[in-house]
Amino acid sequence: MKIMPKSVIETIIRRRSVRRYTAEQITDGELEEILKAGRYAPSGGNSQSTVFIVVQNRQTLRELSLLAEKVFAQMELRDDLYQSLRTSIKLSKKGGYDFTYGAPTLIITANRRDYCNCMADCAAAVENMLLAATSLNLASCWVNQLTWLTDHAPVRAYLKKLGLGDDEQVCAAAVFGHTDARGFPALDRTGNPVIYVK
């Protein structure tokens with residue numbers, strides 16, 4: 001079995017979730033490299049059915065962010081909710097919440113509802129895109145908000161205008177851009193236990 005090149009492993013370890021972006025847009029060339037990485041991700045039975053919706057229009061990003069904030073603000077804040085969902089609701093109720101963190105590029109991945117591997121395929125595609133962005137020295141962050149809101153009527157109607165099909169659901173999304181944050185501390189992994197059976 002071939003060993004993964006050290007540069008790939010280093011890219012995996014260097015990847016960080018960045019939540020602060022400058023207004024500078026990524027280049028078309030960088031965007032195409034990121035999308036290529038996503039499109040070359042593995043898919044169940046080689047279905048290649050993941051749909052990529054690329055949003056770079058600032059007005060559209062703003063409208064989508066405001067719409068998400070409005071829907072989250074109307075939700076009940078319960079203790080039994082997933083922590084990140086609770087955070088989105090809490091910040092939206094406060095006002096000024098932008099799930100894109102001001103990033104200039106949002107890539108939404110969607111797949112057919114009746115396809116049992118839809119989430120896994122989109123997750124693989126997004127991870128590939130995050131690693132591609134890191135290799136290009138770009139900042140990125142996985143964002144789940146549109147996945148949680150894929151069936152909320154106003155959000156769904158807006159996403160359909162952007163190209164989401166009637167039989168599709170948002171499975172994952174990520175934002176990309178440049179950051180003015182200087183350096184990222186090394187993050188040790190203390191979770192994700194490993195069980196060896198040799």
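Student: What volume does the largest pocket have?
Tutor: In this predicted model, the largest pocket has a volume of about 310 Å³.

Student: And how many residues line the largest pocket?
Tutor: The lining consists of 16 residues. Those nearest the centre of the pocket are Arg 19, Ser 84, Tyr 101, Trp 142 and Asn 144.

Student: Which elements each supply at least two residues of that lining?
Tutor: They are helix H4, spanning 83-94, strand S3, spanning 139-143, and helix H6, spanning 145-148.

Student: Which gives the most?
Tutor: H4 does, with five residues in the lining of the largest pocket.

Student: How do the lining residues divide into nonpolar, polar and charged?
Tutor: Eight are nonpolar, seven are polar and one is charged.

Student: Let us stay with H6 for a moment. Where is Gln 145, and is it buried or exposed?
Tutor: Gln 145 belongs to helix H6. Its relative accessibility is 5%, so Gln 145 counts as buried, the limit being under 20%.

Student: What is Gln 145 in contact with, leaving aside neighbours within four places in sequence?
Tutor: On that basis, Gln 145 is in contact with Phe 72, Ser 88, Tyr 97, Phe 99 and Tyr 101.

Student: What separates Gln 145 from Thr 134?
Tutor: Their C-alpha atoms are separated by 22 Å, and the two residues are eleven residues apart along the chain.

Student: Now S3. Which residues does Ser 140 touch, not counting those up to four places away in sequence?
Tutor: Ser 140, a residue of strand S3, touches Arg 16, Ser 17, Val 18, Tyr 21, Leu 130, Ala 133, Val 175 and Phe 176.

Student: Why does Ser 140 count as buried?
Tutor: Because its relative accessibility is 1%, and buried means under 20%.

Student: Change of topic: H3. How many residues does it have, and what does it reach from its first C-alpha to its last?
Tutor: Helix H3 covers residues 58-73, which is 16 residues, and it reaches 22 Å between its first and last C-alpha. That is close to the 22 Å expected at 1.5 Å a residue.

Student: What caps the N-terminal end of H3?
Tutor: Asn 57 does. One of its side-chain oxygens lies 3.0 Å from the backbone nitrogen of Gln 59.

Student: Which residues of H3 are buried?
Tutor: The buried residues are Thr 60, Leu 61, Leu 64, Ser 65, Leu 67, Ala 68, Glu 69, Val 71 and Phe 72.

Student: What do they pack against?
Tutor: The buried residues of H3 pack against strand S1 (51-55), H4, strand S2 (105-112), H6 and helix H7 (153-162).

Student: Why do residues three or four places apart in an α-helix point the same way?
Tutor: An α-helix has 3.6 residues a turn, so residues at that spacing point the same way.

Student: Take Ser 65. What is its relative accessibility, and what is it in contact with?
Tutor: Ser 65 lies in H3 and is buried at 2% relative accessibility. Beyond its neighbours within four places in sequence, Ser 65 is in contact with Tyr 97, Asp 98 and Phe 99.

Student: And Gly 95, where is that?
Tutor: Gly 95 sits in the loop between H4 and S2. With a relative accessible area of 43%, Gly 95 is partly exposed.

Student: What about the phi of Gln 48?
Tutor: Gln 48 has a positive phi of about 50 degrees, although it is not a glycine. Gln 48 is in the loop between helix H2 (28-39) and S1, and at 58% relative accessibility it is exposed.

Student: And the phi of Asn 137?
Tutor: Asn 137, also not a glycine, has a positive phi of about 60 degrees. Asn 137 is in the loop between helix H5 (118-135) and S3. Its relative accessible area is 62%, so Asn 137 counts as exposed.

Student: Lastly, where is Asn 192, and is it buried or exposed?
Tutor: Asn 192 is in the segment after strand S4 (168-177). Asn 192 is exposed, with a relative accessible area of 62%.

Notes
Residues are numbered from 1 along each chain as its sequence is written. This is a predicted model: local features need pLDDT of at least 70, side-chain atom pairs count only at pLDDT 80 or more; totals for chains, interfaces and linings use all residues. Side-chain values use heavy atoms; hydrogens and water are left out. On a 1 Å grid over the protein atoms alone, a cavity is a set of points where a 1.4 Å probe fits but cannot get out, and a pocket is an open set with protein on both sides within 12 Å along at least five of seven lines; lining residues have an atom within 4 Å of a point. Grid points are joined across faces, edges and corners, and a volume is the space filled by probe spheres set on the points. Helices (H or I, at least four residues) and strands (E, at least two) are DSSP runs, numbered from the N terminus. Ala, Val, Leu, Ile, Met, Phe, Trp, Tyr, Cys and Pro count as nonpolar, Asp, Glu, Lys and Arg as charged, and the others, Gly among them, as polar. The expected span of a helix is 1.5 Å times one less than its number of residues. Buried means under 20% relative accessible area, exposed over 50%, partly exposed in between (1.4 Å probe, protein chains only). Contact means heavy atoms within 4.5 Å. A polar contact is a pair of N or O atoms within 3.5 Å; within protein, one must be able to donate a hydrogen and the other to accept it, and residues adjacent in sequence count only if both atoms are side-chain atoms.
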